[in-house]
Amino acid sequence: MDIHTQRQHFPALANKIYLNFGGQGPLPTPALTAMMAAYEQGQIKGPFSRQALTWVEEQEHLTRQAFAQCLQVAVADITLTSSTTQGCAIVLWGWPWRGGEHLLLSDGEHPGVVATVAQLAQRFGLTWSTCPLSDPTVDPITVLEQHVQPHTRMLVLSHVLWHTGQVLPLTDIAAFCQQRDIRLLVDGAQSLGVLPLDLTGVDFYAATGHKWLCGPAGLGVLYIHSQYRDVIQPTHCGWRGLQGFRQQRPCWSDDGQRHEIATTAWELGAGLRASLALHDAWGTPVQRYERLVQLAQDLWQQLGDLPHLTRLLPEPPRCGLVSFRHASIPPETLAQQLEQRNILVRSVAAGNCVRASIHYLTDQDELTQLVRALRELQG
Ligand SMILES: Cc1ncc(COP(=O)(O)O)c(C=O)c1O
């Protein structure tokens, strides 16, 4: 399908150059329509009735199935969450820690996850440290070899680093961890909906539907490898995680649902599923990735011709994030100046850079306009 026809489903793309998919994706009209229809159905069937409850359970199952398909894993291994950070927190707080154990993080993790690890370490008497995986010139496995400690129990890292856009070699890292009996928790906020996923060897993967998948905010996903289903203790949990919660002696569900908590806006799932169907109608995950990478590499190439800019990656990007610095304009100011020209990018303090998120929905002409604006903004 022609990209211009596809873009017409996204009202937010009509009046601006939108390059903030890594922050939040725009909602397509079919997603808005599906959510409205779900809310209406809820009112017709209930909202609180046996009929409505059965329907809600069916809807949630469909959403788990949809996420399972995206992640290429079994539905039983899926937990619905509200965000990437919540998914990471379920694993971090649920793992049976022993005092003195160590967590290793990359130096490019999102502040919410870092804060959780710091809090966890304080409460359970653990230690944690970071390793320099955001240096694009180093071999990630060599760095990991240098930084794991005898008591390292878990490695926490992002599949795609949110400031530089580096794609970490997940399969190699998973094998590295398996050889050392280290559990691997992957933050997939910047990879779900970007890369075709292969989670072989990954123990835990947390992500969200509201960025690259263009689903509604408030609906995320956590994958827990079945081997650890009974190891991760339900911690931040509630009635939705129980089997037969109306029975006198309830027990936890025997699948990923055990970590779900309570009443939620399940209508969001209808929106996410509509977004996914729209992406699939345009092309396979591989076709979407190929288009997005082509566009991102093209932009990276063109930025290389602007002497007042420095690209964060020395090699062409392998995902949709393209980050750069201006020789004299601070990132936040540059992002503001671009926004005044109706071009939406963001500054990322952690990388002291401006980040453009390139989606398969991005139009080549939008990148031409971004490059033109950056050429004019010489400082
Ligand atoms: C790598 C990474 N992790 C976590 C987050 C936070 O995502 P959420 O709000 O879904 O928890 C982001 C969002 O920007 C991110 O880029």
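This is a predicted model: local features need pLDDT of at least 70, side-chain atom pairs count only at pLDDT 80 or more; totals for chains, interfaces and linings use all residues.

**Rings, a strand, a helix and a ligand**

Now, how are the planes of W95 and Y228 arranged? They sit at 55 degrees with the ring centres 6.0 Å apart, so we call that pair tilted. And look where the two come from: W95 is in the loop between α4 and β3, Y228 is in the loop between β8 and β9, so the pair ties together parts that are 133 residues apart in sequence.

Stepping back, there are nine aromatic pairs in the structure. Another one of them is Y18 with F21, and that one is edge-to-face, 5.4 Å centre to centre with 75 degrees between the planes. Y18 and F21 are both buried as well.

R180 has its charged end over the ring of F176, 3.8 Å from the centre. Over at W300, it's R311 that lies over the face, 3.7 Å from the ring centre.

Okay, on to strand β2, residues 78–81. I78 and L80 point one way, T79 and T81 point the other way, and all of them are buried. What does β2 run against? Its neighbour is β8, antiparallel, with four bridges joining the two. One to find on screen: I78 has Y223 of β8 as its bridge partner.

Then helix α4, residues 84–94. Of its 11 residues, nine are buried, so the helix is largely enclosed by the rest of the structure. Among those buried ones are T84, C88, I90, V91 and L92.

Which atoms do the polar side chains reach? T85 has a polar side-chain atom 2.5 Å from a ligand oxygen, and H110 has one at 3.5 Å from a ligand oxygen. D187 goes to a nitrogen atom of the ligand instead, at 2.6 Å. And how much of the ligand does the protein bury? Taken alone the ligand exposes 400 Å², and 88% of that is buried by the protein.

That's my tour, thanks.

Definitions and conventions:
Residues are numbered from 1 along each chain as its sequence is written. Side-chain values use heavy atoms; hydrogens and water are left out. Rings of Phe, Tyr and Trp (its six-membered ring) pair if their centres lie within 6.5 Å; planes under 30 degrees apart count as stacked, over 60 as edge-to-face and the rest as tilted. Buried means under 20% relative accessible area, exposed over 50%, partly exposed in between (1.4 Å probe, protein chains only). A charge sits over a ring if NZ of Lys or CZ of Arg is within 6 Å of the ring centre and within 35 degrees of the ring normal. Two strands pair if DSSP finds at least two bridges between them. A polar contact is a pair of N or O atoms within 3.5 Å; within protein, one must be able to donate a hydrogen and the other to accept it, and residues adjacent in sequence count only if both atoms are side-chain atoms. Accessible areas come from the Shrake-Rupley method with a 1.4 Å probe; for residues, only the protein chains shown count as cover.
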